[in-house]
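Two chains meet in the model shown below. Let us walk along the place where they touch.

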Amino acid sequence: MQTVTSLKAYKANVDEALRNRFQRQALDNFAVTYPTGRANAFAGMNIAELVDKVADIKDRALGRMDELYAQFKANAEKKGIHVHLAATALDANAIIADIAKTGRATRIVKSKSMTAEETLLNHYLESEGLEVTETDLGEWIIQLRHEGPTHMVMPAIHLSRHQVADLFSEVTGKRQETEIERLVKVARRELRQKYVEADMGISGANFALADTATIGLTTNEGNARLVTTLPRIHVALVGLDKLLPSLEDALHINRVLPRNATGQQITSYVTWITGPTPCAVADSGRKEMHIVFLDNGRRALAKDPVFSQVLRCVRCGACANVCPVYRMVGGHQYGHIYIGAIGLIITYFFHGRDKAKNLVQNCINCGACKAVCAAGIDLPRLIKEIHARIQDETDHPLSSILLGKLLSHRKLFHQLLRTAQKAQAPVVGENGYLRHLPLILSKEHNFRALPPIARTPFRERWPKIKPSVANPIQRVALFAGCVQDFVYPEQLEAGVALMTRFGAAVDFPMQQSCCGLPALMMGEKTAARDVARRNILAMRGSGVDQIVTLCASCASHLKHNYPQLLADDPAMREAAEQFSERVVAFSSFMNDILEIPADAFRSSGTQTTYHAPCHLCRGMGVRHAPHELIRKAGLAFVPAREEETCCGFGGSYSGKFPQISAQILESKLADVAATGADLLVTECPGCVMQLRGGAEKKGMKLSVKHIAEAVVQTLEKT
Amino acid sequence: MKPDPAVVETFIQKAEAVSAKVVRVASPEAAFAYAVDVCATKEACQLLVSGCEAPLSATAEALCETKQEKIMAAPNLPEVEFGALEKLCREKSIGLIKDDLRSHLAGIDIGFTRADYAIAETGTLVINSKSEALRLATMVSEIHIALLPVSRLRATAFDLTEELKQWMSDPADYTAMITGASRTADIERVLALGVHGPLELHILLWEEC
């Protein structure tokens, strides 16, 4: 559970987590095996369709939340279920404690519920003198350790069998061996006694069906069945977001939930409880059944035009499974109570700004969570929205304001870069990298060599290299982006040479500036909107078929974020849509539109591997074209493991969290080294900066190139 | 109604993939004989191999010691069938119970049930478990043996929504979907069976005619 108040203290916690070798290894192993398990579980199914269906079902239900609650309550009360509505977490806890007291219950068994974690229910009940025992194995372990979960589905994934054996030795008062099978049986037998003694059982619910007043629970261990069967009182704590009209809706969601969570086709037990069932130890012969619905901000959230989609979340935990940052730091540093990308967002709504303000800055914006989400939630975008909202509500840090202002003034920004270029001259080493880090960067940024600013930016080279093509088959405008314009102009020159060679007329509108993604990443939405307008105007009137960019991050930002940023601007909305439609990534343009032939290249046979930039493979959906270009260019393609995992750059992210960035890079370079390739190709200048700088620092014999640079080199002379 | 053989095949494959044991039987009597045989030949406590001898806290130890003889529970069998099973159990000195499962919470050797439906897509049994005894039989037993008439097999859960909604429209209902044995991977993501419920699930497929 992340509770520190300052960013500095948060970074210190993160550093400590990075040193936790067992956790790192455990999360690494899981990150590697999860995608295969998930793919197998979904084999033969159309995942996108299933996810759309979940999103649609949840959106409809969220739009009817109050109505479904009223329907559920009416039907439930007819069946003799007591229904409560708690406005806040504290209200829910008080209602449940009151049910226990009225029912003279003192011993409580619990099955797993993230909602109960949200309200800190156990702490409350214990402070009221009640004994509460978690019965899910992982939850029991962390309860005994007085910790919060580190994963929504596998709460104790951060612990080793040795730690569990020590814990169980303490609990039983007898020395326990470390064999997992045995430890599981020790838990079985210890907890069995707890069920026998308990007079109240608390569960959560995955689904609440309004038409029959039924709750649905998915578990693998079966503990929820014992919790809801043996004690004479059953209380279910359920978020209002779990309401659905009917069984079919739940069955659709349940096709996705277990597959996405753990790669299972279904959990061992799916339990549907309707009304007070027979119970031998109750005076009436029937169970006393209560359902406590929790609002805690959900009703307001369901009406929020931007954020209502976060309530689609089915708590599968997949957004943590694929997150490169979670993989490095674990759940205690990647969430307050709710973990993973969804946790970064809902912490703000359920637990407040102070708990969320540091967490939201720790998103590297790779988009892996969005691609895997069971309910199609646009997680990276909403994290940025929360970040911006928090800054608007409090104060924007000076650095963030300055960046925003600077990016909004193209001439000032470019002038600053030119000045910096002159100032850096004495520190550029013979190897072409900066000899000393710029003063604003501290020693912890020293994990990669940084390139200097180019002597002549691309925009100044352009008048000299501007090509002319007679009878072009495509007319394109080149969008450069700052890094290529001012640091790697040679990448753009290579791109222009290739496009020209295969019949495209390239123009470079001079009024273009930074795409604005760095501003958005820093929570400066106004500045991001401002540069978006300027760039659209700069490109307008050029009469081109396509807007090509060689930077994946720019491409994805221009294509997807511009229309969103300007959706509320009547003067620009349409222009933004038209602009967005024409944005295309370099490799798609070359391979899919120009369809360049392989026989234009000579075969070099260089062993070549590829890193898929996050904003290219997930952001633009471009996966095939770069592979094809590598092959067409006569290079010997050797795929790397985890090709689509982030390199750790993340723009300003690597400036803010250099240690995490360094560790992600370390893993990436290990995968690259394992291929034995001599050449690493990618399609984003940010990735090039990170990977080339990291390879240089490690002294690897590896050439790192933008795909345009690599491909232009094997072009047959004409 | 004879189900599509492909659906039966899918069911067997999916159930076996989650460690369920699927056996074809010719009649309910054959199923009873199978269950009695499994019970008679099994260890007194199935937990033995994985830690029945592991020392526990005093209260948990005390509960465990209340289980002495071999017990089978068959809460949802019709009377005649229960009688037939009881006869077989008696021959092997196995106690057969129908209710009062709360007196046996330390553990039951075999829970024998008749499944109401099954779902091929996921290898799942569907059992109407309104009866407390039935719920407990399928949870506190070390081995759950379920008799499944093949005619009750459906391709997907969506083929059962009418029947399930009918159950759920009752004033009280408890519907269990059971797929494989009770499982956990909460320690180091290592799969372990029988964390709270059965360590094994046997499904006896009975083609009625």
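Predicted model: local features only at pLDDT ≥ 70, side-chain atom pairs only at ≥ 80, totals over all residues.

Start with the strands. β9(A) is joined by 6 bridges to strand β9 of chain B, residues 173–178. The two strands run antiparallel.

Now step back to the whole interface. In chain A, 81 residues are in contact with 67 residues of chain B. The area buried between chain A and chain B is about 6300 Å². Carbon and sulfur atoms give 56% of that area. Which residues of chain A lose the most area to chain B? They are Arg188(A), Arg189(A) and Arg225(A). Together they make up 14% of what that side buries.

Next, look at the polar side of the meeting. Between chain A and chain B, 37 residue pairs are in polar contact, with both residues at pLDDT 80 or more. The rule also finds 3 salt bridges across this interface. One of them links Glu188(B) with Arg161(A). Their closest N and O atoms are 2.7 Å apart.

Which elements build the side of chain A that touches chain B? Those that each supply at least two residues are α2 (21–41), α8 (137–144), α9 (161–172), α10 (180–197), α11 (223–227), α12 (247–262) and β9 (269–274). Of these, α10(A) gives the most, with 15 residues. Sorted by class, this side of chain A has 37 nonpolar, 25 polar and 19 charged residues.

How values were computed:
Residues numbered from 1 in each chain as written. Chains lettered and ligands numbered in written order. Heavy atoms only, no water. Contact = heavy atoms within 4.5 Å. Buried area = accessible area lost by both parts, 1.4 Å probe. Salt bridge = Lys/Arg side-chain N within 4 Å of Asp/Glu carboxyl O. Polar contact = N/O pair within 3.5 Å; in protein donor to acceptor, adjacent residues only side chain to side chain. Helix = DSSP H or I, 4+ residues; strand = E, 2+ residues; numbered from the N terminus. Nonpolar A, V, L, I, M, F, W, Y, C, P; charged D, E, K, R; others polar. Pairing = 2+ DSSP bridges.
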